[in-house]
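Q: I am new to this structure and would like to go through a few of its features. Could we begin with the helices?
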Amino acid sequence: MYWASKQEITANSVNYPAENKNVVLNGIDYLQSQAPIGKFGGELVISTIGEGPKTFNPCNTKDSTSATMAEMMYDGLLSTDARTGMVVPQLAKSFEINGNEYLITLRKGIRWSDGKPITADDVIYTYKDIVFKGLGNTATRDAMMIKGELPQLEKIDEYTVKFSTPAPFAPFLRQLSYPIVPKHYFEPYSKKGESVFNSFLTPNTSPAEIVSSGAFCLKKYVAAQRVVFERNPNYYKINLDNKQLPYLDKVVYLIVGDTNNEILKFEAKETDMISLRGSNVARYKLKEPKSDYKIYNLGADTGTLFLVINLSNRKNQEGKWNVSPTKQSWFRNKNFRTAIDWAIDRNSMINNVAQGVAKPLFTAESLNSIYLNKNIKGHSVDLSKAKLCLNEGGFSLKNGNLYDSSGNRVEFDLYTNAGALERESVGVMIKEDLEKLGMKVNFKPIEFNTLVNKLSNTNDWDMAIMGLTGSPLEPHDGKNVWLSTGPLHLFNQRGQNSLNNGVFDWENELDEIFEDGALKLTYEERKLVYDRYQEIIYEQKPIIYLYSPIRIVALRQKFKNIYPTPLSGLVYNLDEIYIDRESE
(Lines give C-alpha, C1' and ligand atoms only; values in the text may rest on other atoms or scores of the structure.)
Protein backbone atom coordinates (compact mmCIF):
# COMPACT_ATOMS: atom_id res chain seq x y z
CA MET A 1 0.00 0.00 0.00
CA TYR A 2 1.30 3.45 -0.90
CA TRP A 3 1.70 5.63 2.14
CA ALA A 4 4.37 8.26 1.90
CA SER A 5 7.65 8.34 0.07
CA LYS A 6 11.02 9.37 1.43
CA GLN A 7 10.54 12.35 -0.82
CA GLU A 8 7.57 13.69 1.15
CA ILE A 9 7.77 17.39 1.85
CA THR A 10 9.53 17.87 5.18
CA ALA A 11 12.79 19.61 4.43
CA ASN A 12 11.65 23.19 5.07
CA SER A 13 9.37 22.50 8.04
CA VAL A 14 10.06 24.14 11.39
CA ASN A 15 10.67 21.57 14.12
CA TYR A 16 7.27 20.59 15.46
CA PRO A 17 6.45 18.90 18.77
CA ALA A 18 5.54 15.20 18.92
CA GLU A 19 2.53 14.08 16.88
CA ASN A 20 -1.00 14.29 18.26
CA LYS A 21 -2.08 11.50 20.63
CA ASN A 22 -5.37 9.76 21.35
CA VAL A 23 -6.48 10.36 24.95
CA VAL A 24 -9.57 8.96 26.67
CA LEU A 25 -11.17 11.22 29.29
CA ASN A 26 -14.52 10.42 30.90
CA GLY A 27 -15.22 7.91 28.15
CA ILE A 28 -14.55 10.40 25.33
CA ASP A 29 -11.86 9.76 22.70
CA TYR A 30 -10.09 13.09 22.37
CA LEU A 31 -7.22 14.00 20.07
CA GLN A 32 -4.52 15.65 22.17
CA SER A 33 -2.26 18.33 20.70
CA GLN A 34 1.38 18.07 21.73
CA ALA A 35 2.07 21.72 20.95
CA PRO A 36 3.06 24.02 23.84
CA ILE A 37 0.17 25.10 26.05
CA GLY A 38 -1.20 28.48 25.02
CA LYS A 39 -3.59 31.11 26.30
CA PHE A 40 -7.29 31.23 25.54
CA GLY A 41 -8.96 34.23 23.95
CA GLY A 42 -8.55 36.78 21.19
CA GLU A 43 -9.07 36.63 17.44
CA LEU A 44 -7.15 36.22 14.21
CA VAL A 45 -8.22 38.38 11.26
CA ILE A 46 -7.40 37.18 7.75
CA SER A 47 -8.26 38.80 4.41
CA THR A 48 -9.77 37.02 1.43
CA ILE A 49 -10.00 38.50 -2.07
CA GLY A 50 -13.25 38.36 -4.01
CA GLU A 51 -16.89 38.57 -3.09
CA GLY A 52 -16.98 35.99 -0.32
CA PRO A 53 -18.29 32.42 -0.07
CA LYS A 54 -20.95 31.17 -2.47
CA THR A 55 -22.11 28.44 -0.08
CA PHE A 56 -21.51 27.06 3.40
CA ASN A 57 -22.43 23.56 2.28
CA PRO A 58 -19.15 21.59 2.55
CA CYS A 59 -20.41 19.06 0.00
CA ASN A 60 -21.06 21.67 -2.68
CA THR A 61 -18.00 23.93 -2.68
CA LYS A 62 -16.67 24.76 -6.13
CA ASP A 63 -14.44 27.75 -5.35
CA SER A 64 -11.51 28.14 -2.98
CA THR A 65 -13.18 30.71 -0.70
CA SER A 66 -16.22 28.51 -0.06
CA ALA A 67 -13.95 25.49 0.46
CA THR A 68 -11.88 27.40 3.03
CA MET A 69 -15.00 28.39 4.96
CA ALA A 70 -16.29 24.82 4.92
CA GLU A 71 -12.96 23.48 6.21
CA MET A 72 -13.34 25.74 9.25
CA MET A 73 -16.59 24.00 10.19
CA TYR A 74 -16.32 20.38 9.06
CA ASP A 75 -13.67 17.68 9.52
CA GLY A 76 -13.16 14.39 7.71
CA LEU A 77 -12.41 10.92 9.00
CA LEU A 78 -8.73 11.32 8.11
CA SER A 79 -6.42 14.15 7.20
CA THR A 80 -2.92 14.75 5.86
CA ASP A 81 -0.24 15.67 8.38
CA ALA A 82 0.85 19.17 7.43
CA ARG A 83 4.49 18.44 8.18
CA THR A 84 5.12 14.87 7.01
CA GLY A 85 2.44 14.34 4.38
CA MET A 86 1.35 11.16 6.15
CA VAL A 87 -2.32 10.20 6.51
CA VAL A 88 -3.48 10.72 10.11
CA PRO A 89 -6.78 10.25 12.00
CA GLN A 90 -9.16 13.15 12.50
CA LEU A 91 -12.79 12.28 13.37
CA ALA A 92 -11.56 8.70 13.18
CA LYS A 93 -9.63 7.39 16.16
CA SER A 94 -7.80 4.80 14.06
CA PHE A 95 -7.82 2.95 10.76
CA GLU A 96 -6.68 -0.48 9.58
CA ILE A 97 -6.02 -1.73 6.07
CA ASN A 98 -6.36 -5.30 4.89
CA GLY A 99 -5.96 -5.53 1.13
CA ASN A 100 -9.00 -3.81 -0.36
CA GLU A 101 -10.69 -3.27 3.02
CA TYR A 102 -10.38 -0.17 5.18
CA LEU A 103 -11.69 -0.45 8.73
CA ILE A 104 -12.36 2.97 10.28
CA THR A 105 -12.97 3.35 14.02
CA LEU A 106 -14.59 6.62 15.09
CA ARG A 107 -13.91 8.51 18.28
CA LYS A 108 -16.48 7.63 20.93
CA GLY A 109 -18.31 10.37 22.74
CA ILE A 110 -17.46 13.30 20.44
CA ARG A 111 -20.34 15.55 19.44
CA TRP A 112 -21.65 17.90 16.81
CA SER A 113 -21.87 21.59 17.69
CA ASP A 114 -25.54 21.08 18.67
CA GLY A 115 -24.57 18.38 21.19
CA LYS A 116 -25.75 15.32 19.26
CA PRO A 117 -23.23 12.42 18.98
CA ILE A 118 -21.09 11.86 15.87
CA THR A 119 -21.57 8.20 14.91
CA ALA A 120 -21.16 5.69 12.10
CA ASP A 121 -24.62 6.67 10.83
CA ASP A 122 -23.26 10.11 9.91
CA VAL A 123 -20.41 8.48 7.96
CA ILE A 124 -22.72 6.07 6.15
CA TYR A 125 -25.10 8.90 5.30
CA THR A 126 -22.33 11.24 4.07
CA TYR A 127 -20.89 8.74 1.63
CA LYS A 128 -23.92 6.71 0.55
CA ASP A 129 -26.51 9.49 0.35
CA ILE A 130 -24.34 12.40 -0.74
CA VAL A 131 -20.99 11.37 -2.26
CA PHE A 132 -22.05 8.17 -4.02
CA LYS A 133 -25.32 9.70 -5.24
CA GLY A 134 -23.44 12.62 -6.80
CA LEU A 135 -25.03 15.42 -4.79
CA GLY A 136 -23.13 18.70 -4.69
CA ASN A 137 -19.59 18.70 -6.04
CA THR A 138 -18.99 15.29 -7.63
CA ALA A 139 -15.17 15.49 -7.58
CA THR A 140 -14.77 13.02 -4.68
CA ARG A 141 -17.21 10.52 -6.17
CA ASP A 142 -15.43 10.72 -9.52
CA ALA A 143 -12.02 10.30 -7.89
CA MET A 144 -13.24 7.22 -5.96
CA MET A 145 -14.44 5.51 -9.12
CA ILE A 146 -12.35 2.44 -10.02
CA LYS A 147 -13.14 1.16 -13.52
CA GLY A 148 -16.69 2.44 -13.17
CA GLU A 149 -17.25 1.06 -9.66
CA LEU A 150 -17.56 2.86 -6.33
CA PRO A 151 -16.38 1.45 -2.98
CA GLN A 152 -18.76 -0.57 -0.84
CA LEU A 153 -19.50 0.80 2.63
CA GLU A 154 -20.74 -1.18 5.62
CA LYS A 155 -21.66 -0.21 9.17
CA ILE A 156 -19.99 -2.62 11.63
CA ASP A 157 -21.26 -1.01 14.81
CA GLU A 158 -22.12 2.44 16.17
CA TYR A 159 -18.51 3.63 15.89
CA THR A 160 -17.02 1.43 13.15
CA VAL A 161 -17.41 1.38 9.37
CA LYS A 162 -15.70 -0.63 6.64
CA PHE A 163 -14.95 0.56 3.11
CA SER A 164 -14.19 -2.06 0.45
CA THR A 165 -12.69 -0.93 -2.85
CA PRO A 166 -12.96 -2.99 -6.07
CA ALA A 167 -9.15 -3.17 -6.17
CA PRO A 168 -6.22 -1.93 -4.08
CA PHE A 169 -6.39 1.82 -4.59
CA ALA A 170 -3.43 4.02 -3.65
CA PRO A 171 -5.24 7.41 -3.27
CA PHE A 172 -8.15 6.05 -1.24
CA LEU A 173 -7.02 7.02 2.26
CA ARG A 174 -6.55 10.66 1.27
CA GLN A 175 -10.09 10.72 -0.11
CA LEU A 176 -11.37 9.98 3.38
CA SER A 177 -10.63 13.60 4.23
CA TYR A 178 -14.05 14.40 2.72
CA PRO A 179 -16.10 16.35 5.33
CA ILE A 180 -18.47 14.20 7.37
CA VAL A 181 -21.83 15.95 7.81
CA PRO A 182 -24.58 15.50 10.42
CA LYS A 183 -27.29 13.18 9.12
CA HIS A 184 -29.96 14.65 11.36
CA TYR A 185 -29.37 18.14 9.91
CA PHE A 186 -28.61 17.39 6.26
CA GLU A 187 -30.97 14.50 5.47
CA PRO A 188 -34.23 16.50 5.19
CA TYR A 189 -32.62 18.47 2.36
CA SER A 190 -30.83 15.66 0.53
CA LYS A 191 -34.10 13.69 0.42
CA LYS A 192 -35.64 16.47 -1.67
CA GLY A 193 -33.17 16.01 -4.50
CA GLU A 194 -30.16 17.65 -6.05
CA SER A 195 -31.54 21.16 -6.64
CA VAL A 196 -32.76 21.54 -3.06
CA PHE A 197 -29.57 20.08 -1.61
CA ASN A 198 -27.34 22.31 -3.73
CA SER A 199 -29.18 25.40 -2.51
CA PHE A 200 -28.95 24.26 1.11
CA LEU A 201 -26.67 26.32 3.41
CA THR A 202 -26.51 29.40 1.24
CA PRO A 203 -24.78 32.52 2.59
CA ASN A 204 -28.25 33.66 3.70
CA THR A 205 -28.59 30.76 6.14
CA SER A 206 -28.83 31.78 9.79
CA PRO A 207 -25.48 30.89 11.42
CA ALA A 208 -27.26 29.78 14.59
CA GLU A 209 -28.88 26.84 12.80
CA ILE A 210 -25.72 25.43 11.16
CA VAL A 211 -24.52 22.20 12.79
CA SER A 212 -20.80 21.48 12.41
CA SER A 213 -17.87 19.48 13.80
CA GLY A 214 -14.76 21.59 13.21
CA ALA A 215 -12.76 23.77 15.54
CA PHE A 216 -14.93 26.78 14.69
CA CYS A 217 -18.62 27.44 14.06
CA LEU A 218 -20.11 30.17 11.91
CA LYS A 219 -21.00 33.20 14.04
CA LYS A 220 -21.86 35.87 11.47
CA TYR A 221 -21.74 36.57 7.75
CA VAL A 222 -22.00 40.11 6.43
CA ALA A 223 -22.26 39.90 2.65
CA ALA A 224 -19.16 41.13 0.81
CA GLN A 225 -17.67 42.36 4.12
CA ARG A 226 -16.74 39.62 6.60
CA VAL A 227 -17.21 36.05 7.77
CA VAL A 228 -16.89 35.53 11.51
CA PHE A 229 -16.24 32.15 13.13
CA GLU A 230 -16.32 31.39 16.85
CA ARG A 231 -14.75 28.50 18.77
CA ASN A 232 -16.74 25.27 18.89
CA PRO A 233 -17.16 24.29 22.58
CA ASN A 234 -17.74 20.66 21.53
CA TYR A 235 -14.50 20.30 19.55
CA TYR A 236 -12.80 16.94 20.06
CA LYS A 237 -9.21 18.19 20.33
CA ILE A 238 -7.56 19.08 23.67
CA ASN A 239 -4.26 20.56 24.83
CA LEU A 240 -1.66 19.09 27.20
CA ASP A 241 -3.71 20.38 30.14
CA ASN A 242 -6.67 18.38 28.80
CA LYS A 243 -8.59 21.59 28.05
CA GLN A 244 -10.63 21.74 24.86
CA LEU A 245 -9.20 23.65 21.93
CA PRO A 246 -9.15 25.97 20.04
CA TYR A 247 -7.47 28.78 21.95
CA LEU A 248 -8.81 31.61 19.79
CA ASP A 249 -12.32 32.90 20.45
CA LYS A 250 -12.77 34.00 16.85
CA VAL A 251 -11.33 33.78 13.37
CA VAL A 252 -12.49 36.57 11.07
CA TYR A 253 -12.18 36.64 7.27
CA LEU A 254 -12.36 40.19 5.91
CA ILE A 255 -13.59 40.20 2.33
CA VAL A 256 -11.53 42.66 0.29
CA GLY A 257 -12.04 43.55 -3.34
CA ASP A 258 -8.47 43.26 -4.57
CA THR A 259 -4.84 42.99 -3.53
CA ASN A 260 -4.47 46.76 -3.10
CA ASN A 261 -7.21 46.76 -0.48
CA GLU A 262 -5.59 43.74 1.13
CA ILE A 263 -2.38 45.72 1.60
CA LEU A 264 -4.22 48.73 2.99
CA LYS A 265 -6.05 46.57 5.53
CA PHE A 266 -2.83 44.96 6.73
CA GLU A 267 -0.96 48.25 7.01
CA ALA A 268 -3.88 49.74 8.95
CA LYS A 269 -3.60 46.72 11.27
CA GLU A 270 -7.14 45.65 10.45
CA THR A 271 -5.81 42.23 9.44
CA ASP A 272 -3.13 40.03 10.99
CA MET A 273 -1.71 38.20 7.98
CA ILE A 274 -0.94 38.96 4.35
CA SER A 275 0.48 37.08 1.38
CA LEU A 276 3.14 39.31 -0.12
CA ARG A 277 3.55 39.70 -3.85
CA GLY A 278 6.08 41.32 -6.12
CA SER A 279 7.78 44.48 -4.95
CA ASN A 280 5.99 44.36 -1.60
CA VAL A 281 8.29 41.57 -0.46
CA ALA A 282 11.42 43.74 -0.42
CA ARG A 283 9.56 46.67 1.15
CA TYR A 284 8.08 44.57 3.95
CA LYS A 285 11.37 42.77 4.52
CA LEU A 286 13.13 46.10 4.96
CA LYS A 287 10.55 47.22 7.54
CA GLU A 288 10.42 43.87 9.36
CA PRO A 289 13.07 44.53 12.10
CA LYS A 290 11.07 47.46 13.52
CA SER A 291 7.64 46.01 12.83
CA ASP A 292 5.13 43.86 14.72
CA TYR A 293 5.15 41.13 12.06
CA LYS A 294 7.42 38.31 10.94
CA ILE A 295 7.95 37.22 7.33
CA TYR A 296 7.91 33.54 6.35
CA ASN A 297 9.15 31.98 3.10
CA LEU A 298 6.92 28.96 2.40
CA GLY A 299 8.49 27.93 -0.90
CA ALA A 300 6.79 27.45 -4.27
CA ASP A 301 3.03 27.71 -4.40
CA THR A 302 1.15 24.41 -4.28
CA GLY A 303 -1.27 25.62 -6.94
CA THR A 304 -0.74 26.46 -10.61
CA LEU A 305 -1.27 29.59 -12.73
CA PHE A 306 -2.03 28.98 -16.40
CA LEU A 307 -3.55 30.00 -19.72
CA VAL A 308 -6.28 27.58 -20.80
CA ILE A 309 -7.50 27.33 -24.41
CA ASN A 310 -11.02 26.22 -25.31
CA LEU A 311 -10.71 23.20 -27.62
CA SER A 312 -14.39 22.32 -27.41
CA ASN A 313 -16.51 21.70 -30.49
CA ARG A 314 -19.77 21.64 -28.55
CA LYS A 315 -23.03 23.25 -29.52
CA ASN A 316 -25.37 24.79 -26.97
CA GLN A 317 -28.94 23.69 -26.34
CA GLU A 318 -30.15 25.92 -29.17
CA GLY A 319 -27.82 24.10 -31.56
CA LYS A 320 -25.41 27.02 -31.93
CA TRP A 321 -21.65 26.66 -31.63
CA ASN A 322 -20.18 27.80 -28.30
CA VAL A 323 -16.89 28.38 -30.12
CA SER A 324 -17.21 29.24 -33.80
CA PRO A 325 -15.92 26.64 -36.30
CA THR A 326 -13.31 29.18 -37.41
CA LYS A 327 -11.89 29.56 -33.91
CA GLN A 328 -12.17 25.81 -33.39
CA SER A 329 -9.85 25.32 -36.35
CA TRP A 330 -7.29 27.60 -34.66
CA PHE A 331 -7.55 26.36 -31.11
CA ARG A 332 -7.57 22.67 -32.05
CA ASN A 333 -4.44 23.21 -34.17
CA LYS A 334 -1.43 22.06 -32.13
CA ASN A 335 0.90 24.38 -34.03
CA PHE A 336 -1.25 27.35 -33.04
CA ARG A 337 -1.13 26.40 -29.34
CA THR A 338 2.62 25.74 -29.52
CA ALA A 339 3.19 29.16 -31.06
CA ILE A 340 1.41 30.78 -28.13
CA ASP A 341 3.61 28.88 -25.70
CA TRP A 342 6.81 30.04 -27.44
CA ALA A 343 5.57 33.65 -27.56
CA ILE A 344 4.82 33.98 -23.84
CA ASP A 345 7.62 35.75 -21.99
CA ARG A 346 7.52 34.07 -18.58
CA ASN A 347 10.72 35.72 -17.37
CA SER A 348 9.27 39.13 -18.11
CA MET A 349 6.17 38.21 -16.10
CA ILE A 350 8.31 37.06 -13.21
CA ASN A 351 10.39 40.25 -13.26
CA ASN A 352 7.59 42.74 -13.84
CA VAL A 353 4.57 41.18 -12.16
CA ALA A 354 6.09 38.95 -9.47
CA GLN A 355 9.17 41.17 -9.05
CA GLY A 356 11.40 38.12 -9.16
CA VAL A 357 9.53 36.25 -6.41
CA ALA A 358 8.52 33.33 -8.65
CA LYS A 359 9.88 30.62 -10.93
CA PRO A 360 8.81 29.61 -14.47
CA LEU A 361 6.32 26.75 -14.62
CA PHE A 362 5.93 24.33 -17.52
CA THR A 363 4.25 21.32 -15.92
CA ALA A 364 0.78 20.39 -14.70
CA GLU A 365 2.29 19.44 -11.32
CA SER A 366 3.40 22.27 -9.04
CA LEU A 367 7.10 22.83 -8.43
CA ASN A 368 6.92 21.30 -4.93
CA SER A 369 5.04 18.18 -6.01
CA ILE A 370 6.80 14.90 -5.25
CA TYR A 371 5.54 13.80 -8.69
CA LEU A 372 7.06 16.72 -10.60
CA ASN A 373 8.52 15.58 -13.93
CA LYS A 374 11.94 17.21 -13.74
CA ASN A 375 12.80 16.12 -17.28
CA ILE A 376 10.49 18.83 -18.59
CA LYS A 377 12.87 21.77 -18.71
CA GLY A 378 10.77 24.32 -20.55
CA HIS A 379 12.21 27.14 -22.65
CA SER A 380 12.66 30.88 -22.97
CA VAL A 381 10.53 33.08 -25.18
CA ASP A 382 11.36 32.71 -28.88
CA LEU A 383 9.22 34.62 -31.37
CA SER A 384 11.06 33.10 -34.35
CA LYS A 385 10.01 29.61 -33.30
CA ALA A 386 6.50 30.86 -32.57
CA LYS A 387 6.21 32.29 -36.10
CA LEU A 388 7.60 29.07 -37.60
CA CYS A 389 4.91 27.07 -35.78
CA LEU A 390 2.22 29.39 -37.13
CA ASN A 391 3.57 29.02 -40.64
CA GLU A 392 3.50 25.21 -40.31
CA GLY A 393 -0.05 25.49 -39.00
CA GLY A 394 -1.23 27.31 -42.13
CA PHE A 395 -1.22 30.87 -40.79
CA SER A 396 0.36 33.89 -42.47
CA LEU A 397 1.20 37.51 -41.65
CA LYS A 398 -0.16 40.35 -43.81
CA ASN A 399 0.58 43.95 -42.90
CA GLY A 400 1.41 42.84 -39.35
CA ASN A 401 -1.88 40.97 -38.89
CA LEU A 402 -2.24 37.19 -38.60
CA TYR A 403 -4.63 35.31 -40.91
CA ASP A 404 -5.57 31.65 -41.23
CA SER A 405 -5.49 29.71 -44.50
CA SER A 406 -9.07 30.77 -45.25
CA GLY A 407 -8.26 34.46 -44.94
CA ASN A 408 -9.81 34.97 -41.50
CA ARG A 409 -8.14 37.50 -39.19
CA VAL A 410 -7.05 35.80 -35.95
CA GLU A 411 -8.95 37.55 -33.18
CA PHE A 412 -10.22 36.12 -29.88
CA ASP A 413 -11.18 36.99 -26.29
CA LEU A 414 -8.98 36.44 -23.25
CA TYR A 415 -10.66 36.36 -19.82
CA THR A 416 -9.61 36.38 -16.19
CA ASN A 417 -11.28 37.28 -12.90
CA ALA A 418 -11.45 41.01 -12.20
CA GLY A 419 -9.87 42.17 -8.94
CA ALA A 420 -7.07 39.60 -9.03
CA LEU A 421 -4.48 42.22 -9.93
CA GLU A 422 -1.70 39.72 -10.57
CA ARG A 423 -3.80 37.86 -13.13
CA GLU A 424 -4.92 41.12 -14.71
CA SER A 425 -1.28 42.17 -15.13
CA VAL A 426 -0.42 38.76 -16.60
CA GLY A 427 -3.34 39.14 -19.00
CA VAL A 428 -2.05 42.46 -20.26
CA MET A 429 1.39 40.94 -20.86
CA ILE A 430 0.00 37.89 -22.70
CA LYS A 431 -2.07 40.22 -24.89
CA GLU A 432 1.09 42.18 -25.75
CA ASP A 433 3.12 39.00 -26.36
CA LEU A 434 0.54 37.53 -28.75
CA GLU A 435 0.01 40.78 -30.59
CA LYS A 436 3.69 40.51 -31.61
CA LEU A 437 2.55 37.50 -33.66
CA GLY A 438 -0.18 39.55 -35.33
CA MET A 439 -3.04 38.19 -33.21
CA LYS A 440 -5.76 40.53 -32.00
CA VAL A 441 -6.49 39.77 -28.33
CA ASN A 442 -9.49 41.27 -26.57
CA PHE A 443 -8.56 41.10 -22.88
CA LYS A 444 -11.65 41.06 -20.63
CA PRO A 445 -11.38 40.81 -16.83
CA ILE A 446 -14.85 39.84 -15.56
CA GLU A 447 -16.50 39.01 -12.23
CA PHE A 448 -15.36 35.65 -10.87
CA ASN A 449 -18.77 33.95 -10.80
CA THR A 450 -19.44 35.02 -14.38
CA LEU A 451 -16.10 33.58 -15.44
CA VAL A 452 -16.71 30.28 -13.65
CA ASN A 453 -20.13 30.04 -15.31
CA LYS A 454 -18.54 30.53 -18.74
CA LEU A 455 -15.88 27.89 -18.10
CA SER A 456 -18.06 25.21 -16.55
CA ASN A 457 -21.58 25.82 -17.87
CA THR A 458 -22.15 27.98 -20.95
CA ASN A 459 -18.73 27.18 -22.49
CA ASP A 460 -18.81 30.45 -24.47
CA TRP A 461 -15.19 31.55 -24.05
CA ASP A 462 -11.94 31.44 -26.01
CA MET A 463 -9.02 31.60 -23.58
CA ALA A 464 -8.70 32.34 -19.88
CA ILE A 465 -6.05 32.94 -17.24
CA MET A 466 -6.91 30.82 -14.24
CA GLY A 467 -5.42 28.99 -11.29
CA LEU A 468 -6.14 25.70 -9.58
CA THR A 469 -5.15 24.48 -6.16
CA GLY A 470 -3.45 21.11 -6.03
CA SER A 471 -1.92 18.46 -3.82
CA PRO A 472 1.87 18.04 -3.93
CA LEU A 473 1.30 14.51 -2.65
CA GLU A 474 -1.47 13.06 -4.81
CA PRO A 475 -1.93 13.65 -8.58
CA HIS A 476 -5.15 11.62 -8.51
CA ASP A 477 -6.79 14.62 -6.83
CA GLY A 478 -6.66 16.24 -10.27
CA LYS A 479 -8.60 13.44 -11.94
CA ASN A 480 -11.65 15.66 -12.44
CA VAL A 481 -9.44 18.07 -14.44
CA TRP A 482 -7.70 15.53 -16.67
CA LEU A 483 -10.37 12.88 -17.23
CA SER A 484 -12.19 13.63 -20.50
CA THR A 485 -15.54 13.35 -18.71
CA GLY A 486 -14.38 15.32 -15.66
CA PRO A 487 -16.39 18.36 -14.52
CA LEU A 488 -13.19 20.46 -14.48
CA HIS A 489 -11.89 19.26 -17.85
CA LEU A 490 -11.85 22.94 -18.75
CA PHE A 491 -10.16 22.84 -22.13
CA ASN A 492 -12.57 20.38 -23.76
CA GLN A 493 -15.84 20.07 -21.89
CA ARG A 494 -17.84 17.06 -23.06
CA GLY A 495 -21.52 17.27 -23.87
CA GLN A 496 -24.31 15.61 -25.81
CA ASN A 497 -23.79 18.07 -28.64
CA SER A 498 -20.05 17.42 -29.07
CA LEU A 499 -19.07 16.54 -32.62
CA ASN A 500 -17.91 12.88 -32.58
CA ASN A 501 -17.43 13.45 -28.85
CA GLY A 502 -14.66 15.87 -29.81
CA VAL A 503 -12.01 13.94 -27.86
CA PHE A 504 -8.40 13.75 -28.98
CA ASP A 505 -6.39 10.52 -28.83
CA TRP A 506 -4.13 12.06 -26.20
CA GLU A 507 -7.17 12.74 -24.01
CA ASN A 508 -8.00 9.05 -24.17
CA GLU A 509 -4.45 8.32 -23.04
CA LEU A 510 -4.96 10.69 -20.10
CA ASP A 511 -8.10 8.73 -19.17
CA GLU A 512 -6.04 5.52 -19.11
CA ILE A 513 -3.28 7.14 -17.07
CA PHE A 514 -5.63 8.33 -14.35
CA GLU A 515 -7.29 4.93 -14.14
CA ASP A 516 -3.97 3.09 -14.08
CA GLY A 517 -2.04 5.43 -11.79
CA ALA A 518 -4.43 4.96 -8.89
CA LEU A 519 -4.01 1.18 -9.05
CA LYS A 520 -0.23 1.32 -8.76
CA LEU A 521 0.80 0.85 -5.15
CA THR A 522 4.40 2.08 -4.96
CA TYR A 523 5.73 5.58 -5.40
CA GLU A 524 8.17 4.43 -8.08
CA GLU A 525 5.45 2.82 -10.22
CA ARG A 526 3.14 5.78 -9.89
CA LYS A 527 5.90 8.29 -10.66
CA LEU A 528 6.44 6.74 -14.09
CA VAL A 529 2.72 6.92 -14.89
CA TYR A 530 2.29 10.51 -13.76
CA ASP A 531 5.47 11.63 -15.52
CA ARG A 532 3.75 10.63 -18.74
CA TYR A 533 0.63 12.72 -18.13
CA GLN A 534 2.80 15.80 -17.61
CA GLU A 535 4.59 15.03 -20.89
CA ILE A 536 1.25 14.89 -22.71
CA ILE A 537 0.09 18.25 -21.39
CA TYR A 538 3.46 19.85 -22.19
CA GLU A 539 3.44 18.39 -25.73
CA GLN A 540 -0.21 19.14 -26.57
CA LYS A 541 -0.56 22.44 -24.66
CA PRO A 542 -4.31 22.62 -24.02
CA ILE A 543 -3.19 24.40 -20.87
CA ILE A 544 -0.05 26.54 -20.95
CA TYR A 545 1.54 26.98 -17.54
CA LEU A 546 3.08 30.35 -16.68
CA TYR A 547 4.95 30.63 -13.40
CA SER A 548 4.84 29.55 -9.79
CA PRO A 549 4.91 32.32 -7.16
CA ILE A 550 7.09 31.87 -4.11
CA ARG A 551 4.78 32.09 -1.11
CA ILE A 552 5.92 34.87 1.20
CA VAL A 553 3.62 35.57 4.15
CA ALA A 554 3.73 38.18 6.91
CA LEU A 555 2.05 37.41 10.25
CA ARG A 556 1.83 39.45 13.45
CA GLN A 557 4.43 38.29 15.96
CA LYS A 558 1.88 38.03 18.77
CA PHE A 559 0.60 34.73 17.35
CA LYS A 560 2.32 31.64 18.74
CA ASN A 561 2.43 27.92 17.94
CA ILE A 562 3.30 28.84 14.35
CA TYR A 563 5.00 25.97 12.51
CA PRO A 564 5.21 26.83 8.78
CA THR A 565 5.48 24.05 6.22
CA PRO A 566 5.79 24.16 2.41
CA LEU A 567 2.95 21.67 2.24
CA SER A 568 0.26 23.46 4.25
CA GLY A 569 1.43 27.01 4.74
CA LEU A 570 1.32 29.05 7.93
CA VAL A 571 -1.96 28.86 9.87
CA TYR A 572 -3.19 25.35 9.01
CA ASN A 573 -3.26 24.55 12.77
CA LEU A 574 -5.77 27.22 13.79
CA ASP A 575 -6.90 25.13 16.76
CA GLU A 576 -3.40 25.34 18.32
CA ILE A 577 -2.59 29.00 17.58
CA TYR A 578 -2.83 31.46 20.44
CA ILE A 579 -2.02 35.08 21.22
CA ASP A 580 0.87 36.02 23.48
CA ARG A 581 -0.42 39.21 25.10
CA GLU A 582 3.11 40.27 26.03
CA SER A 583 3.98 40.46 22.30
CA GLU A 584 1.13 42.82 21.45
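Q: Does H2 pass H5 in a left-handed or a right-handed crossing?
A: In this predicted model, the crossing of H2 past H5 is left-handed.

Q: Which residues make that contact?
A: On the side of H2, the contact is formed by Asp121, Asp122, Tyr125, Asp129 and Ile130. H5 contributes Lys183, Phe186, Glu187 and Ser190.

Q: And how do the residues of the contact divide into nonpolar, polar and charged?
A: Five are charged, three are nonpolar and one is polar.

Q: At what angle do H2 and H5 pack?
A: Helix H2, residues 120-131, and helix H5, residues 183-190, pack at about 25°, and their axes are 10 Å apart. Angles under 35 degrees count as roughly parallel, so H2 and H5 are roughly parallel to each other.

Q: Turning to strands, what is the order in the open sheet of five strands?
A: The order is S21-S20-S22-S16-S23, and the pairing is mixed. Strand S21 (440-446) and strand S23 (543-545) are the edge strands, each pairing on one side only.

Q: How do S16 and S22 pair?
A: Strand S16, residues 304-309, pairs with strand S22, residues 463-468, in the antiparallel sense over six bridges. Within this pair, valine 308 stands opposite alanine 464 of S22.

Q: What about S6 and S7, how many residues lie between them in the hairpin?
A: Two residues lie between S6 and S7, and glycine 99 in the turn has a positive phi of about 65°. The two strands run antiparallel and are joined by six bridges, with serine 94 opposite threonine 105 in S7.

How values were computed
Residues are numbered from 1 along each chain as its sequence is written. This is a predicted model: local features need pLDDT of at least 70, side-chain atom pairs count only at pLDDT 80 or more; totals for chains, interfaces and linings use all residues. Side-chain values use heavy atoms; hydrogens and water are left out. Two strands pair if DSSP finds at least two bridges between them. Helices (H or I, at least four residues) and strands (E, at least two) are DSSP runs, numbered from the N terminus. Axes are lines fitted to C-alpha atoms, for helices over the stretch in contact, and angles run from 0 to 180 degrees between N-to-C directions. Angles under 35 degrees count as roughly parallel, over 145 as roughly antiparallel, 65 to 115 as roughly perpendicular and the rest as oblique. A crossing is left-handed if the near helix is turned anticlockwise from the far one by less than a right angle, and right-handed if clockwise. Contact means heavy atoms within 4.5 Å. Ala, Val, Leu, Ile, Met, Phe, Trp, Tyr, Cys and Pro count as nonpolar, Asp, Glu, Lys and Arg as charged, and the others, Gly among them, as polar.
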